[in-house]
Amino acid sequence: MNTSVRVLGAALALALGGTSSALAAPRPVPAPSAHTSVQRVLDRLTGEDGAPGALVNVRTEHGSTVLTSGVADLATGAPLRADSRFRIGSMTKTYVATVVLQLAGERHLALDAPVERYLPGVVRGNGNDGRRIHVRDLLQHTSRLPDYLTYYTPGDILADRYAHHDLTELLSIALAHPPVEVDAPDGFHYSNTDYVLLAMLIEKVTGRPYGTEVEQRIVNRLHLRSTSVPGDAAIIPGPHPRGYARPAAGADPVDVTELNPTVAAGSGDMISSASDMSRFLSALLGGRLLRPAQLAEMMDVEPTGHAGSRAYGLGLERWPLPCGGVFWGHQGDMLGFQTMSGATADGRQATVMVTLDPGGSDAQDADVRAAVTTALCS
């Protein structure tokens with residue numbers, strides 16, 4: 001889902017029924033000396049940044065390490081498990097983009113074909129026109145389609161958190177508004193609507209739900225046992241922390257773990273673990289999921305105008321590393337969880353998960369990114 005929402009207004013406070021009391025998180029456990037710098041960032045996330053819990057999985061050629069800080073459950077004080085599952089938010093987009101690029105490599109679709117070819121008459125209204133938008137535009141967020149989550153807020157979602165949402169319903173929210181005015185270079189405008197349409201396109205081309213294609217083509221192939229497309233299931237299966245939102249500045253975090261994730265179908269609904277995310281990125285960048293031509297397309301980035309020098313490919317972000325070079329991955333926000341996963345070309349991977357969203361601070365955003373870059377540079 002969109003990674004820009006941080007402060008919730010009165011609508012969310014009302015939907016949550018006010019604030020709730022919570023136990024104070026225990027003091028962070030000291031980290032092993034080899035990972036002190038990464039642990040320091042995690043402890044900052046659960047300390048001054050105010051998140052209940054944080055976790056990072058670091059993978060190198062020498063093995064995998066999981067570090068945690070804070071707690072999995074404010075009510076019980078239970079610790080975070082290394083194999084925790086969580087909602088990955090917009091990191092879902094990289095899975096969806098991979099399936100679309102696989103279909104392109106199999107010549108079931110063309111990236112530079114108009115959306116109209118596959119979804120005739122679907123994108124119409126208020127100046128939005130699928131005849132002028134190409135599949136590549138959806139993948140790279142250059143369609144100028146309004147983001148439906150601009151108009152369907154976290155407060156709206158939580159007011160009826162178990163409601164089912166169809167892809168066509170989510171699209172209709174966006175198409176009730178005109179295309180956005182874009183100031184960013186090359187017309188970049190991050191829109192969850194783009195990936196709602198890509199999910200619809202996958203279903204039209206294959207005749208199967210996009211979640212089935214993701215699971216058959218990626219999840220099962222890589223044996224990602226903690227990864228799933230949940231459909232209407234409101235719970236997170238297996239070991240998992242509680243996810244929290246903060247309804248107002250200074251308010252106690254409120255448990256928002258359970259909800260129907262179809263509100264983010266195609267754009268942010270998947271569940272995974274930190275180890276599975278790192279394995280997925282390793283396989284993707286290692287050429288195990290896409291043919292060379294399609295992987296090159298995915299990594300052909302455009303500037304976004306982001307202050308952190310983020311560039312966006314086809315469902316894949318590129319960020320600079322403070323120690324030199326770049327890493328590839330994606331950020332994610334879904335009610336209760338903020339995530340980021342990154343990998344380098346030489347085989348290092350890091351995935352970070354924090355159990356507060358929305359309602360986290362700008363400092364939390366910066367420290368999530370710092371946890372990834374510190375892990376990749378250590």
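**Exercise 1. Is Ala104 buried or exposed, going by its relative accessibility?**

Step 1: Buried means under 20% relative accessible area, exposed means over 50%, and partly exposed is in between (1.4 Å probe, protein chains only).

Step 2: Look up the value. Ala104 has 13% relative accessibility, so it counts as buried.

A quick word on what you're looking at: this is a predicted model, where local features need pLDDT of at least 70 and side-chain atom pairs count only at pLDDT 80 or more, while totals for chains, interfaces and linings use all residues. Residues are numbered from 1 along each chain as its sequence is written, and side-chain values use heavy atoms, with hydrogens and water left out.

**Exercise 2. Find out where Ala104 lies and which residues it touches.**

Step 1: Ala104 sits in helix H3, residues 92-105. (Helices are DSSP runs of H or I with at least four residues, strands are runs of E with at least two, and both are numbered from the N terminus.)

Step 2: List the contacts, meaning heavy atoms within 4.5 Å. Leaving out residues up to four places away in sequence, Ala104 touches Leu109, Leu111 and Gln294.

Step 3: Ala104 and Leu290 are 186 residues apart along the chain, yet their C-alpha atoms are separated by 9.9 Å.

**Exercise 3. Work through the salt bridge between Arg217 and Glu213.**

Step 1: Start with the idea. Side chains of opposite charge can pair when their charged atoms come close.

Step 2: Apply the rule, which asks for a side-chain nitrogen of Lys or Arg within 4 Å of a carboxyl oxygen of Asp or Glu. For Arg217 and Glu213, the closest N and O atoms are 2.7 Å apart.

Step 3: Check the spacing. The two residues are four apart in helix H9 (residues 210-222), so about one helical turn separates them.

Step 4: Check the surroundings. Arg217 is buried at 17%, and Glu213 is buried too, at 2%.

**Exercise 4. How many salt bridges does the whole structure have, and which residues join into one network?**

Step 1: Count. A search of the whole structure turns up 15 salt bridges.

Step 2: Take one pair. Asp129 bridges to Arg132, with the closest N and O atoms 3.4 Å apart. Asp129 is buried at 8%, whereas Arg132 is exposed at 57%.

Step 3: Take another. Arg348 and Asp346 pair up at 3.0 Å, N to O; Arg348 is partly exposed at 24%, and Asp346 is exposed at 55%.

Step 4: Follow shared partners. Glu116, Arg124, Asp129, Arg131 and Arg132 are joined into one network.
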